[in-house]
Structure formats: structure tokens, C-alpha cells
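Subject: Structure handover

Hello,

Here is the structure I said I would pass on.

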Amino acid sequence: MDVLSQKVLLELVESKRFGVEYQPIVELKTGDVFAYEALSRFRSVAGELIRPDYVYAALHDNPLLLFQVELAQKKIQLEHLSNSENVFVNLDQDAFYACGQDSEDNPFVDLIQSAGRGRVVVELIENSEMSDALMSLSMIELFNGLGIRTALDDLCNPKSMLSVAVLQLVEWVKLDKCVLEQRLDANFMVFVSKIIEFAHATGKQVILEGVEVQDDLAFARKIGVDFVQGFYFRDGFLSH
């Protein structure tokens, strides 16, 4: 099911058949869980998981519905963890600006601040559109001004672009799982090593996503990232 019909989408939203899966982010040096990434999960009427990218692709055709679902998702994601646990949350740029507010009055900002600015890290994703990079930059500047930490997600993904301005402002860099998939590509790994070198030289910390087996952990140590996450450390699905 590559395309989610509007009928299926509306039924899913009205039934609120969505929840969150918490994926641990583990510090390599200690093996301790530093934080959790809150991942959106959706289910069909039959109880089968629906890929989140299919849901969000359909939601982008309706900005207000996107805003509604994204806000509901963030509330669930921040409610299920204790106040002592750090949490990384993805925040869709289009959803953030759908309400027409880019100030402290934005509902997403209010929600994150109420959850505790020191424990929430907002992840922003860039793709091949320049407009998305500009929105990411605007959001990061806003969050930085409010003392809310930010991360750049999916870096090195073939479908993403690299904004130097955005990269400089975030505190965290998350390397896409494609780094593991292309670990034998010598030229590609030169670029990855320079990104890690730049991040560390500018006081940022690096997370490698997509870790699934022991060999992936060994590779993470070899390239010198600070944290890892992936299904190797998978927690269970929590329904709303």
C-alpha cells in the first residue's frame, strides 16, 4: 500500500489508532540509555502497522489535518515517559507552521516547554526542497532562543540536502541508517568521517541510526560516534 486513500486516512484519524514506540538512544562508552526517540506508529482497522511515511505523505495534502495529527502525536509521545527521561521528537515543519504561528504562542512550543525544555530534543528533517531547509533554519533559531535543544535528523540520507546554516545551529547530528548500508563505499565514508570530525570540533554529539546487529555496534565505535540507536535496542509499541 504505497498510497494511503483519504477514506482510510480519515478513518484512522477519527479512530485515533495511533501510538508511539520508544527507541533507546544508547551511549557507546557506557552502554547506558541516554534518551529515547519517540517514533509515531499507526495501525489499520485489522491491527496491522501502517508505515508512518505513507500516513504523513497523505496528511501533507491537508495541512490542518496534518497539524491536528502531529500535535496529538506529540502529546502522546511526551505523556508516556517520566519527567526524568530525555526524549527526542520529530517535528514536521509543515505541521509546525500550519497554524500560522512561529512564535512562543505556537502550540508545539507550549507543549514542549510544558514537558521540560531540558529533556526534550526536537529533531528536524531536511529533504531536497530549499523551502524545507529555510523552515528548519527558522524553527531552530526559534527553539534556540527559547533554550530548547535541536537535532538534525537523517543526515547523509540520499533524499536530503545539507544546509550548512542548519548544521551549525543544532546540538545533535543524527546519521541516517544509509551510513551503515554504504559503509564499504570508501568515498562516501570520507564524507561521513569529516561530518563527524566537524560535529565534534564544534561541540556537537553524533548519533548513528539503524543499528541492528553486533557488527553495526563495532562499526559505530570504529567511526567514532557518541551514541547509537536502532532495533537492536528495540522497546515495545505503546498504544494510546
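Predicted model: local features only at pLDDT ≥ 70, side-chain atom pairs only at ≥ 80, totals over all residues.

Residues are numbered from 1 along each chain as its sequence is written, and side-chain values use heavy atoms, with hydrogens and water left out.

Whole chain

The chain holds ten helices and ten strands (DSSP runs numbered from the N terminus, helices being H or I of at least four residues and strands E of at least two). Its radius of gyration is 18 Å, close to the 18 Å that the globule rule gives for 240 residues, so the chain is as compact as a globular protein of that length. That radius is taken over C-alpha atoms, and the rule is 2.2 Å times the number of residues to the power 0.38. The C-alpha trace spans about 45 × 40 × 35 Å along its principal axes.

Of the 240 residues, 49% are buried (under 20% relative accessible area, with a 1.4 Å probe and protein chains only). The chain exposes about 11500 Å², of which carbon and sulfur atoms supply 52%; the areas come from the Shrake-Rupley method with a 1.4 Å probe. Counting contacts (heavy atoms within 4.5 Å) between residues at least 6 apart in sequence, 64% join residues at least 24 apart.

Strand β2 covers residues 33–43, and eight of its eleven residues are buried. Strands are said to pair if DSSP finds at least two bridges between them.

- β1 (residues 18–27) pairs with β2 in the antiparallel sense over nine bridges. Val 26 has Val 33 of β2 as its bridge partner. Five residues lie between the two strands of this hairpin, where Gly 31 takes a positive phi near 80°.
- β3 (residues 49–50) runs antiparallel to β2, joined to it by two bridges. Arg 43 has Leu 49 of β3 as its bridge partner. This pair is also a hairpin with five residues between the strands, and Gly 47 in the turn has a positive phi of about 90°.
- β4 (residues 86–90) pairs with β2 in the parallel sense, over four bridges. Here Tyr 36 stands opposite Val 87 of β4.

Regards

Key: Buried < 20%, exposed > 50% of the residue type's maximum accessible area, 1.4 Å probe, protein only.
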